[in-house]
Structure formats: structure tokens, C-alpha cells
Amino acid sequence: MSYRNVYVVQPYRVGTKDRKSLAIVIPAQVVKEHSLDTSTVFALNVDKGNSGIILRKVGIPGESQNGRK
């Protein structure tokens with residue numbers, strides 16, 4: 001079990017020549033502890049007031065806690 005709640009990550013560029021996005025890597029320890037995989041859906045909230053960005057895992061209707069129906 002991890003007691004760390006802050007991870008430092010640095011985005012990198014992905015995309016085509018004309019359309020660039022940024023991607024971040026989620027640390028393996030977080031992936032394991034929260035049972036994340038490529039089907040996990042996230043909501044990205046932007047708080048312009050304090051320049052904050054929050055990434056939250058979103059549950060899909062009909063999905064159980066362990067990610068299976």
C-alpha cells in the first residue's frame with residue numbers, strides 16, 4: 001500500500017504535425033492500486049481560478065467496482 005499522494009509527472013507531445021496534444025504517464029503503482037487499464041474513463045476538471053487541473057476516475061453505468069459487468 002502506498003502512502004504517497006503526490007506524484008511528479010511531465011507531459012510529452014503526441015499527435016500529428018498539425019494537431020499536437022500532451023499525454024502523461026500514470027505511475028505503475030497508482031495503476032495497480034486503483035485497478036486502472038486502457039478502458040478506464042477519466043474526467044478532466046480545470047479550475048481557472050487557481051490554475052488547478054483535477055483528473056478523476058469516472059464510473060461507467062453498469063460497471064461494477066472491479067471494472068467488470
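Predicted model: local features only at pLDDT ≥ 70, side-chain atom pairs only at ≥ 80, totals over all residues.

Modeller: Residues are numbered from 1 along each chain as its sequence is written, and side-chain values use heavy atoms, with hydrogens and water left out.

Colleague: Which pattern does the protein chain follow along the sequence?

Modeller: Helices (H or I, at least four residues) and strands (E, at least two) are DSSP runs, numbered from the N terminus. The protein chain has one helix and four strands. Read along the sequence, their pattern is β-β-α-β-β.

Colleague: Which residue in E2 is the bridge partner of Tyr12?

Modeller: Strands E1 (residues 12-15) and E2 (residues 20-23) run antiparallel and are joined by four bridges; pairing requires that DSSP find at least two bridges between two strands. A hairpin of four residues connects E1 to E2. The partner of Tyr12 in E2 is Ala23.

Colleague: Is Leu44 buried or exposed?

Modeller: Leu44 belongs to strand E3. Buried means under 20% relative accessible area, exposed over 50%, and partly exposed in between (1.4 Å probe, protein chains only). Because its relative accessibility is 59%, Leu44 counts as exposed.

Colleague: Which element gives the largest share of the nonpolar patch?

Modeller: Val9, Ile24, Phe42, Leu44, Val46, Ile53 and Leu55 make a nonpolar surface patch of about 660 Å². Two or more residues come from each of strand E3 (41-47) and strand E4 (52-58). The largest share, three residues, comes from E3.

Colleague: Which element supplies the largest share of the lining of the largest pocket?

Modeller: The largest pocket holds about 760 Å³ of space and is lined by 21 residues, of which Ile24, Ile26, Pro27, Val30 and Leu55 lie nearest its centre. A pocket is an open set of points on a 1 Å grid over the protein atoms alone, where a 1.4 Å probe fits, with protein on both sides within 12 Å along at least five of seven lines; lining residues have an atom within 4 Å of a point. Helix H1 (28-33), E3 and E4 each supply at least two lining residues. The largest share, five residues, comes from E4.

Colleague: How far apart in space are Gln29 and Arg4?

Modeller: Gln29 is found in helix H1 and is partly exposed, at 37% relative accessible area. Gln29 and Arg4 are 25 residues apart in sequence, and their C-alpha to C-alpha distance is 9.9 Å.

How values were computed: Patch = residues over 30% accessible without salt bridge, like charges linked within 9 Å, V, L, I, M, F, W, Y side chains within 5 Å. Areas by Shrake-Rupley, 256 points an atom, 1.4 Å probe, with all protein chains shown as cover. Salt bridge = Lys/Arg side-chain N within 4 Å of Asp/Glu carboxyl O. Points joined across faces, edges and corners; volume = space filled by probe spheres on them.
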